[in-house]
Amino acid sequence: MEKQAERKVMKVIEGARYDVPPIWLMRQAGRYLPEYRATRKEAGSFLDLCYTPDFAVEVTLQPIRRFGFDASILFSDILVVPDALGRKVEFVQGEGPKLEPASAGDIARLVDEHSTSEAALEHLEPVFETVRRLRSELPAETTLLGFCGAPWTVATYMIAGHGTPDQAPARLFSYADPDSFSMLIDLLADVSADYLIRQLREGADAVQVFDSWSGVLGERDFGHWCVEPMRRIVDRVRGEVPDARIIGFPKGAGVNYRDYRKATGVDALGLDWSVPMALARELQRQGAVQGNLDPMRLVAGGDALDEGVDEILEGLADGPLIFNLGHGITPQTPIAHVEAMLKRIRG
Ligand code: CP3
């Protein structure tokens, strides 16, 4: 009988280590690839790309074909969840996402209309088809990751209606009307958990939850808006899929990384590049870590890239490590630098 292909990323999440760590990159399908730009043009709008399985499967597979990464991440966006809840999202070229800012009244209506996740998941049906097709088209040794945004990060866009440098609108809303904000966070936690459960059932091997804006919160608010909803998601997912493997990425959490794994129940921790090596090593004694090269080192290339890669390998490759960036790859990244990085890691 043929030997079962080994999915290294899954093994590392479960605590294994490899001399050559498995690698994938956040936003690995994206504008730095000419083949992505071509498909994106053909699809028309960004959301059409996300919701058309033919296109979404194609762009998900592009970086796997080109670089042979150890994991593939479903091509979609964290803002498909508010879109599925009826808060229409638009991606304006060069400006990022745009939504109608949600008021307290809008939140009350949303909670009323979505007592179950059924309607939202119905809207996301094309995403589930993409997951099914990916699992059958990917190489057997490639881990397929599903994902969603964490409630706090998704809420920041829903409240402001667009990206901001510090998420002041959502922070202000959370202090001015904590009851409405709490209802929004709970709704997002439950719908997101149900969305992840479906992704896992349709073929995702593991899921990652992106809390890209957790770094703007004070200690108490981090506990309230990042840790508690993440625990709620993990418990709800494991209630349905007991062996679900979950990567948490509380970007910018700083010393709050220390208790995050235990407090939320996630299996693996995604680290941003500001996490000091001593803390990263301490976190790795709890379990797998993922990260954490500064994406700008990958843009710069040369010595900056080599130094960054070597530091991570020297500091973390003796334990369970998934090599990644500390945040998403940016459009100006030269493809040759991605190749150089892979060569340095894999030899
Ligand atoms: O390859 C992958 O990693 C999978 C696809 C993926 C995208 N977005 C595609 C995308 C994933 C995992 C995301 C997550 C996401 N989306 C996050 C969390 C991670 C992070 O980067 O902090 C956030 C905050 C978003 C919201 C979002 N989507 C913003 C703010 C923007 C505009 C900024 C930008 O980079 O353009 C997007 C658009 C987006 N999502 C693009 C891609 C490839 C670019 C859109 C385009 O092609 O025109």
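Residues are numbered from 1 along each chain as its sequence is written, and side-chain values use heavy atoms, with hydrogens and water left out. Because this is a predicted model, local features need pLDDT of at least 70 and side-chain atom pairs count only at pLDDT 80 or more, while totals for chains, interfaces and linings use all residues.

**Overall build**

Let's start with the whole chain. The protein chain holds 17 helices and 9 strands (DSSP runs numbered from the N terminus, with H or I over at least four residues for helices and E over at least two for strands). Its radius of gyration is 19 Å, close to the 20 Å that the globule rule gives for 347 residues, so the chain is as compact as a globular protein of that length. That radius is taken over C-alpha atoms, and the rule is 2.2 Å times the number of residues to the power 0.38. The C-alpha trace spans about 55 × 45 × 45 Å along its principal axes.

Among contacts (heavy atoms within 4.5 Å) between residues at least 6 apart in sequence, 74% join residues at least 24 apart.

**The nonpolar core**

In soluble globular proteins, nonpolar side chains tend to be buried together. Here the largest nonpolar core has 123 residues, and V338 and M341 have the most contacts inside it. Such a core is a set of buried Ala, Val, Leu, Ile, Met, Phe, Trp, Tyr and Cys residues joined through side-chain atoms within 4.5 Å. Helix α11 (residues 178-202) gives the most to this core, with 12 residues. Not counting residues up to four places away in sequence, V338 touches L25, Y32, F67, F69, L298, I329 and T333.

**Two pockets**

A pocket is an open set of points on a 1 Å grid over the protein atoms alone, where a 1.4 Å probe fits, with protein on both sides within 12 Å along at least five of seven lines; lining residues have an atom within 4 Å of a point. Points are joined across faces, edges and corners, and the volume is the space filled by probe spheres set on them.

| Pocket | Volume | Lining by class |
|---|---|---|
| Largest pocket | About 1300 Å³ | 19 nonpolar, 12 polar, 6 charged residues |
| Second largest pocket | About 180 Å³ | 8 nonpolar, 2 polar, 3 charged residues |

In these classes, Ala, Val, Leu, Ile, Met, Phe, Trp, Tyr, Cys and Pro count as nonpolar, Asp, Glu, Lys and Arg as charged, and the others, Gly among them, as polar.

The second largest pocket is lined by 13 residues, with W273, V275, N292, E311 and I312 the closest to its centre. Helix α16 gives the largest share of that lining, 4 residues.

For the largest pocket, α2 (34-43), β2 (89-92), β3 (96-99) and α9 (151-160) each supply at least two lining residues.

S180 sits in helix α11 and counts as buried at 9% relative accessibility. Beyond its neighbours within four places in sequence, S180 is in contact with A104, I107 and F173.

R135 lies in helix α8 (residues 125-137) and, at 16% relative accessibility, also counts as buried. Leaving out residues up to four places away, R135 touches R7, A140, T142, T143, L144, G203 and D205.

Notes. Buried means under 20% relative accessible area, exposed over 50%, partly exposed in between (1.4 Å probe, protein chains only).
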